[in-house]
Amino acid sequence: MKVITKKKKDRIMIYQKDTKWDANYDVVVLGFGGAGATAARFAADSGSKVLLVDAAPEGHEGGNTRYSAQLIGTGNDFDELKKYYKNLTAPMSLDEEMIDTYVKGMVNTPNYVTKYLGVKPCSAKQYAPERLHHAYEEFPEFEGSESYDFTTVRESWFDAALWKILRAKVVERKDNIDVMYSTPAKELIQDPETRKIEGVLIEREGKLLKVQAKNGVVMTTGGFENNQTMVEDYLGAKRLAPLGTLYNKGDGIKMAEQVGADFWHMHNFESLGLLHGMAFAVPKGERGRLMLGAQNIAVAHGSSFVIGDDGTRYFDEAEENRHGHIKNHGQWKVPINQEHPYLIFDEAKKAELDADPIIGSYPVYKENVVKADSVEELADEIKVDPAILKDSLERFNKAAQTGDDPEFRRDPKTMRVFADGPIYAIQMEQTMLNTQGGARRNAQAEILDTKGQPIPHLYSAGEFGGICANQYQGGNNIAECLIWGKIAGENAAKAKDDVTVDAATGASSHDVHLTSDLNHETFETGKDQYIGRTNGGMGGEIVVRVTADKDKNLKKIEVLKQAESEDYGLKAVKTLPEEMVKQNKVDVDAVSGASSTSRGLKDAVNDALSKIDK
């Protein structure tokens, strides 16, 4: 027996030929986002018993798929779409087989949605040509861009609709898929001689468990946007506000590195939001607030400009960003990160921002505006050189007066001279939509080593080792989750000739499975109390207990289960039930910024009330 011992922090990881496994599965999927849900579903459909684990607690699974716009990249012409995608990748290079697999998958997306998701595919070009035109032709100057479209599962976006379907497909297969929340994977268990991945070490309630994966492990652990060390090492950035999940911490990168994986696209990340892809700065560890459209115009037009760390302007504020990429001498690049950029504006602009329904009601904005009576005083407050900030203001005013911005060619129609009086600033922060970097994969979703050879039994899908190598077109990552999620799940499920049976039991027929978290809870009710449920919330299921008389007069509404976002979703959970009882009606005003949560709560209450007549 050969024993490999690796010391790591306070624990010891041991590989043994006759490992006593705590549980046995055909396939183990790491990460319950869009890619993980897809991989688990297709592995189960291929006859596998699957374990799906996620580091996030229940209700916060979903990765960045949950927070995304729910737009699936689609094409109507393979040749034209391939030209477009190669132009997006240029001048970087990418394997031709990978491109072909990806583009074929995007062209097939409508059929995929119909066949595997069970809904009618919706074309953004048909139902929202005005609102989404600039999004689905993000780089219209590139040949082939006309072939690109978005497929959605509803005629809407930013509503978690796709994610909820993907999750439901897992729940429907709970006899074949065990799910464990708050259960991070810690290490891959690899045979050092064959290099085969035998299983995974997971942590459950403080206990380490060795789980055998007889046919394959699929890594869908997402990126590293919440790992500050990796952000600094790979992206060279100090401050980036995450817009999606807070649970993507680069764990998969560490695990893949330990088993000899090669890596690609580590410098690539996408941004979105105000200006060049920014948000109002938030405390470390909190999600930034995504604002687009009217809010971007409010911030970027008029008597306002942005300064970098030295107090000077560094880009055209009125230029529309393309997922955080702006024009850089002929290429589209995410700007060099600034540690403490500020939006500078005057009294007139502040009045406009205060009046905006989104910005004006946003606590982070309201509580952090810095006011000063002079530019020198403002410079002291925000810790930049007063002479430099004064010069930046004078240059901006001159450009606005003459209609000529020689530094950045900002459209003069978007510039207005600062008025005399108070001057304001608020700290901004570059946003982090997602990273693309991770383990290199091939068209079969196999993870490759540094010699370009597949690591046996190891697969990946989604943003962990994403395919996007340079400029990013919206909808690409969600398409990738579905395309390679299916490939990874099916290939991982294929029976392998080199399966090692459990030496302690002598046969794979005595498999031991773990207790799944996919249970349907029951909730107690008393006199005149009714349970209502809905999957309409952003975080999944919402369960309420409604106390009401036979005439449906509302007496009390209790939220028994929810997993809405920490910011506006929770605000709706706390305030809407009280308002419904106060007004004695369900149809009360939604909480701004939490329309999906508000709609979900109303659906749950209506579901409870519908049972009074039964």
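I looked up what covers the buried residues of helix H14 (buried: under 20% relative accessible area with a 1.4 Å probe, protein chains only): the contacts (heavy atoms within 4.5 Å) include strand S16 (304-307), strand S19 (342-346), strand S20 (370-372), helix H15 (386-402) and strand S21 (423-432). Helices (H or I, at least four residues) and strands (E, at least two) are DSSP runs, numbered from the N terminus.

This is a predicted model, in which local features need pLDDT of at least 70 and side-chain atom pairs pLDDT 80 or more, while totals for chains, interfaces and linings use all residues. Residues are numbered from 1 along each chain as its sequence is written, and side-chain values use heavy atoms, without hydrogens and water.

I then listed the buried residues of H14 (residues 375-382): Val375, Leu378, Ala379 and Ile382. Down the axis of H14 they fall within an arc of 105° (taken from the directions from the helix axis to the C-beta atoms), so they line one face of the helix. After H14 I noted lysine 383, with a positive phi near 60°.

Next I checked the sheet with the order S5-S7-S6, which is open, has 3 strands and pairs antiparallel (pairing needs at least two DSSP bridges between two strands). Its edge strands are S5 (72-75) and S6 (122-123), each pairing on one side only. I found 4 bridges between S5 and S7 (residues 148-152), in the antiparallel sense. Isoleucine 72 is opposite threonine 151 in S7.

Notes
Buried means under 20% relative accessible area, exposed over 50%, partly exposed in between (1.4 Å probe, protein chains only).
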